[in-house]
Amino acid sequence: MNNSRSNGPPSTARPKRARLASLTFLVALAVSSPALAEGEDAKQILKAMSDYVTSQQHIQLQYDVDIEVITPHLEKLQFASSGDLKLSRPDKLRATRTGGYTDVELVFDGKTATVLGKDSNTFAQLDARGSIDQMIDRLRTEHYIELPGADLLLSNLYDELVAGVIEAKYIGHGVVDGVECEHLAFRNQETDWQLWVERGSAPIPRKYVITSKTLAAAPQYTLRIKAWDAETPLDAKAFTFEPPAGATSVDVTALADIGELPPPAEAMKEQ
């Protein structure tokens, strides 16, 4: 005959004890993990990354981008694209982006920004005299054209990233594409964003995730930077636009195939 008292507490007490143990563990984790509370560490790593990136005169890189869209039925869809970028400070840039719905290229020579829609073989040229910063701002504000990870290309990178930050955290270590990184997290009023920065003497941004807090289901934008090269000099011809055979010059408003998403998904992104 079994005696429930001699065999331990009644079975109904076990779940309560388990929950208490879980809560205790979470509290202990929060208290014993100073990394989660030290935002200054995160900002110092962010500043080191910014100083390193903006000190590079020439940069070549490849990247992947994932963009999430929430349908009216709360189904989360992800759209992927890839591209490469060449940058020569202060006023030369060439970038490509190829996805399932678009194949586009931007060439900037310090005077003119040319956007080429390869599928339609049409291009538009804009007077954009000035720096890369000024060109990015004009494309954003006047023509609603965004470069992938444009914030990471600016000369005042640190100031741009920390503007509006209300909370910063150093999360810990992570590995992105086999590279050991420092994992940082930041909060703004409308977005949360995370950054993985390569450890060591070359603190390169390897992964950048932005989460929208104002849209249902909190869709994310994810950028992964690969094949970073700041050593190889760039040929000036890399920033000269040569129209492909048969290409037609059009007004920028007539470029219909340069968005990151197909038109229906683009409409859902704005909801």
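**Ground rules.** Residues are numbered from 1 along each chain as its sequence is written, and side-chain values use heavy atoms, with hydrogens and water left out. In this predicted model, local features need pLDDT of at least 70, side-chain atom pairs count only at pLDDT 80 or more, and totals for chains, interfaces and linings use all residues.

**Confidence.** pLDDT is the predictor's confidence in each residue, from 0 to 100. Its mean over the chain is 85. A value of 70 or more is reached by 83% of the residues. Residues 1-32 stay under 50. For that stretch the model has three contacts beyond four places in sequence; contact means heavy atoms within 4.5 Å.

**Helix α2.** Helices (H or I, at least four residues) and strands (E, at least two) are DSSP runs, numbered from the N terminus. Helix α2 spans residues 39-55, which is 17 residues. From first C-alpha to last it reaches 24 Å, close to the 24 Å expected at 1.5 Å a residue. The expected span is 1.5 Å times one less than the number of residues.

Which residues of α2 are buried? They are Gly39, Ala42, Ile45, Leu46, Met49, Ser50, Tyr52 and Val53. These residues cover an arc of only 165° around the axis, so they lie on the same side of α2. The arc is that of the directions from the helix axis to the C-beta atoms. An α-helix has 3.6 residues a turn, so residues three or four places apart point the same way. The face turned away from the buried side carries the exposed residues Glu40, Gln44 and Ser55. Buried means under 20% relative accessible area, exposed over 50%, partly exposed in between (1.4 Å probe, protein chains only).

**Salt bridges.** A salt bridge is a side-chain nitrogen of Lys or Arg within 4 Å of a carboxyl oxygen of Asp or Glu. The whole structure has 16. Three of them are listed here.

| Glutamate 105 | Arginine 94 | 2.9 Å |

Glutamate 105 sits in strand β4 (residues 103-108), and arginine 94 in strand β3 (residues 92-99). Glutamate 105 is buried, at 12% relative accessible area. Glutamate 198 and arginine 206 are buried too.

Glutamate 167 is partly exposed at 32%, and lysine 169 is partly exposed at 23%. Lysine 169 lies in strand β7 (residues 167-176). Its C-alpha is 8.3 Å from that of lysine 43, 126 residues apart along the chain.

Salt bridges also form a network, which links Arg140, Glu146 and Asp151.
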